[in-house]
Amino acid sequence: MSARPGEAKLPHLFKPGRIGRYAAPNLVKYGACCVSNYNTRDGFITPRELARTRVIAGTGCGIITNQGAYPDPKGEGKSYFRQVALYDDKFLPQFETIARYIHDAGAVAIQQILHAGRYGGIDLGYCVQPSVVPQTLPHFRPPREMSKDDIRRCIGEHVDAARRAIKAGFDGVEVTSFMGYLLASFNSKFTNQRSDEYGGTIENRGRFMRELIDAIKQALPEHPFIVRLNGAELMDQWGGNTEDECFELMRQAAGCGVDMISVTVGWQEAPESSIGRDVPPGYWNRLAIRAKQECPNTLIAYGNRLPDPVMANDCLGRGEFDYWEVCRPMLADPELVHKAAEDRLDEVRRCIGSLNCLSRVFRDLPYSCTMNPALGHEVEPEYAITPAAVKKKVLVIGAGPAGMEFATTAAKRGHDVTVIERGSRIGGNLLGYATHDLARPDDLLSVVRHYEVMAKKLGVKLQFNTEANPKFMRSVLHQYDVCVVAAGARVDLGAYAHVEGRERLVDALDVASGKAKAGARVVVLGGNKVGLVIAESLRKAGAEVALVESGKRIAEDVMPTFKWRHTSWVEELGIRTLTLTRLVRITPDAVVVADAKGAETTIPADTVIAAGPRRSNQELFAEFEWMVDELHGCGDALMPRGMDAAIHEGYRLGVRI
Amino acid sequence: MTTWQDVLAQHAHLFAEVQPGASIALAPGSPPRAQVKQVRDPVPMQLWLRGPDRMAVVDGEYRGLKSLVSDVLFLPEAGALETALAHEAPLSELKRELRDGRMLVMVMRSRSELRERGWSEFFEALGLPFQGTCR
């Protein structure tokens with residue numbers, strides 16, 4: 001097959017690779033980044049999972065790692081609600097199917113074994129560890145110390161699970177030893193406080209890992225064996241391993257003959273962020289570089305917070321590591337590698353690091369993706385983009401994420417789509433939000449850019465600076481078969497109608513879009529995500545900011561994985577926060593608020609910004625009802641929520657219309 | 001001078017659901033992680049103990065993890081509790097100390113037990129559920 005145009009531009013990424021006796025078509029490894037929670041509670045793989053893995057197999061990666069299975073019948077290693085199991089041959093038929101999918105796609109098939117140790121025993125009243133060291137987060141089971149018999153049994157269970165994976169048709173096996181999982185907790189001087197030959201010195205702490213590697217290599221000498229190890233645990237304050245110790249452990253693993261080390265960052269309990277939107281891409285690359293230097297004869301795979309194939313290609317070219325290990329970016333866009341190969345990188349839906357995937361998994365829900373509404377629904381034909389039986393002329397009101405997701409999806413199905421937008425470009429309220437985002441505005445702006453590119457490629461017609469109202473609709477009467485209202489939401493200023501001094505209120509969305517300017521002393525009413533982003537941005541720019549929230553807490557509408565970020569910013573920036581506090585009146589130079597007991601406080605304010613409550617722009621539904629054959633709505637126009645719901649609803653309507 | 005008893009009283013709403021007998025142990029020492037031992041020589045600790053109608057601050061002895069009956073163990077570095085108390089918002093300062101590693105926390109019960117014992121609101125206020133590297 002002749003090389004595709006993008007392959008020449010990314011020559012290192014698309015260079016053939018090798019692991020053990022297996023040839024890989026390129027240097028991209030699909031990482032088992034987190035479990036899907038699509039399976040049964042007792043560890044069987046479901047049709048939903050099989051449909052998903054078929055998509056994974058088709059991603060075009062040279063090596064594909066199937067998500068981690070727990071290896072023991074008791075479930076001590078089980079860390080996720082619907083994690084797959086591999087402790088018995090009864091599980092094999094579905095694993096065989098997955099291995100076949102991967103081979104049919106031309107990739108090397110690797111099965112991960114995940115014994116969660118300290119984070120395991122999800123269905124039990126305990127978890128197992130080298131020593132009884134309680135966890136530092138309130139998510140887990142009380143620990144039990146493993147005896148030497150337990151250690152021997154556990155190694156045996158790993159070997160049996162590895163044999164089963166090979167029996168199912170996988171080419172190799174990966175054991176994950178990062179995040180604080182079992183192997184990591186033996187390696188760590190924080191969690192391993194044993195006084196026998198498995199504890200104490202780093203040599204002793206690494207013994208469990210070395211015995212495990214030896215046992216699997218002896219059982220399966222012809223098959224590649226990969227171990228995932230921390231380059232940094234980020235557990236320094238707990239007395240965890242230093243980076244030097246992490247690399248000593250890597251050298252131990254390499255010395256035992258592992259075929260590949262997958263370098264990762266951080267424990268679940270680490271107080272520091274490692275892969276979120278606030279971490280710049282490439283931030284952790286130094287760990288992979290050092291791993292390659294310390295273990296030059298072992299393949300190094302790496303991809304933590306390295307979502308960009310161009311960056312990865314450059315790293316590979318410089319010899320910083322051997323395989324780009326990637327997962328989350330391919331949850332967002334399973335076509336990422338193909339688009340790179342076909343020189344269509346501008347079409348990629350980027351992972352924006354919202355960590356919706358993990359937020360859900362840690363709440364025992366199936367993972368989903370903000371950017372990929374079809375993720376997890378691959379088994380449902382209703383979510384597939386299929387040619388429309390009747391091609392329709394569609395008018396979309398609003399070029400925010402909901403409207404644009406609908407428009408591009410409908411256009412892919414053959415509909416003739418026109419979007420009208422009051423503003424002068426695509427993005428809606430997301431633009432203002434992104435402009436003021438303290439994390440990485442580029443992530444959010446990538447969503448806008450994606451829609452700009454796709455609208456152009458799909459021939460979606462865009463009319464900017466156009467207000468949707470009954471007069472406009474009358475002017476286009478009978479020209480459209482369908483109208484979709486995706487006009488978003490606004491701050492409900494009517495909620496302040498009874499407030500003295502309300503004429504001084506400024507709409508948060510006007511501040512976000514730059515239509516209104518804030519003074520030096522600002523009070524923001526509403527500790528929701530709109531209010532927070534504005535408050536943080538203004539405070540960072542030097543304003544004195546107070547945040548007033550009538551509820552118990554701020555950030556209640558923020559995704560759990562990012563809630564901490566906002567609460568930390570609020571504290572770091574010194575934003576005065578008053579919860580359980582209501583607005584009483586606004587004076588010419590201040591805001592008077594009252595706490596739950598009615599005690600009043602006066603806060604000096606040059607500008608008073610209303611960030612909540614939010615209200616859907618639903619009026620158009622009533623006005624347009626008799627003007628068009630089909631009238632639909634999606635996104636915040638139905639109920640104010642956020643980008644995730646907007647994109648998902650836009651897509652669901654787009655595949656159905 | 002403000003005491004921890006005052007602070008707990010000021011934030012009584014965070015402890016409203018805490019069950020009688022439930023407690024948090026605070027065992028200062030430097031470095032904090034040195035206290036992470038099954039058995040150790042006794043050192044003074046502070047207990048935030050739920051009584052019949054309010055949280056009470058009680059003195060106690062920390063003898064290591066094995067004999068600890070509290071639901072949660074806070075390990076502040078020497079002086080960290082005093083620093084927090086001197087701050088205008090002591091609980092906010094405690095939260096900062098947790099993030100900075102000046103105070104460590106060890107969870108002695110399962111999540112469901114902690115929820116049943118009424119700690120959710122306090123943990124939420126400290127931001128504990130949202131720590132973790134997968135962010």
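## A residue in a loop

In which loop of chain A is A:Ala555 found? A:Ala555 is in the loop between strand S21 (544-548) and H20 of chain A, where helices (H or I, at least four residues) and strands (E, at least two) are DSSP runs numbered from the N terminus. Phi of A:Ala555 is near 65°, a positive value in a residue other than glycine. With 22 C-beta neighbours inside 10 Å, A:Ala555 counts as buried; a residue is buried if 20 or more other C-beta atoms lie within 10 Å of its own, exposed if 12 or fewer, and partly exposed in between, with C-beta atoms placed from the backbone.

A:Asn465 also has a positive phi, near 50°, and is a residue other than glycine. A:Asn465 sits in the loop between strand S16 (461-463) and helix H17 (470-475) of chain A, and it counts as exposed because it has 10 C-beta neighbours inside 10 Å.

## Basis of the model

The model is predicted: local features need pLDDT of at least 70 and side-chain atom pairs count only at pLDDT 80 or more, while totals for chains, interfaces and linings use all residues. Residues are numbered from 1 along each chain as its sequence is written, and chains are lettered from A and ligands numbered from 1 in the order in which they are written.

## H20 and the partner chain

Helix H19 (residues 529-540) of chain A packs with H20(A) at an angle of about 30°, their axes 10 Å apart; axes are lines fitted to C-alpha atoms, for helices over the stretch in contact, and angles run from 0 to 180 degrees between N-to-C directions. H19(A) and H20(A) are therefore roughly parallel to each other (angles under 35 degrees count as roughly parallel, over 145 as roughly antiparallel, 65 to 115 as roughly perpendicular and the rest as oblique). On the H19(A) side, A:Leu532, A:Glu536, A:Arg539 and A:Lys540 meet A:His566, A:Trp569 and A:Leu573 in H20(A).

The contact between the chains takes 36 residues from chain A and 28 residues from chain B, two residues being in contact if their C-beta atoms, placed from the backbone, lie within 7 Å. Helix H20 (residues 560-573) of chain A gives the largest share of the side of chain A that touches chain B, seven residues.

Helix H14 (residues 401-412) of chain A and helix H16 (residues 441-458) of chain A have axes 10 Å apart and pack at an angle of about 30°, which makes H14(A) roughly parallel to H16(A).

H14 is also among the elements that cover the buried residues of H22(A), which include helix H15 (429-436), strand S17 (482-485) and strand S28 (630-633) of chain A. Because 10 of the 14 residues of H22(A) are buried, this helix is largely enclosed by the rest of the structure. Among these buried residues are A:Met643, A:Ile647, A:Tyr651 and A:Leu653.

## Two cis peptide bonds

In chain A, the peptide bond from A:Gly612 to A:Pro613 is cis, with omega near -5°, and A:Pro613 lies in the loop between strand S26 (607-610) and strand S27 (614-616) of chain A. In chain B, the peptide bond from B:Ser30 to B:Pro31 is cis, with omega near -10°, and B:Pro31 belongs to the loop between strand S1 (23-26) and strand S2 (43-50) of chain B.
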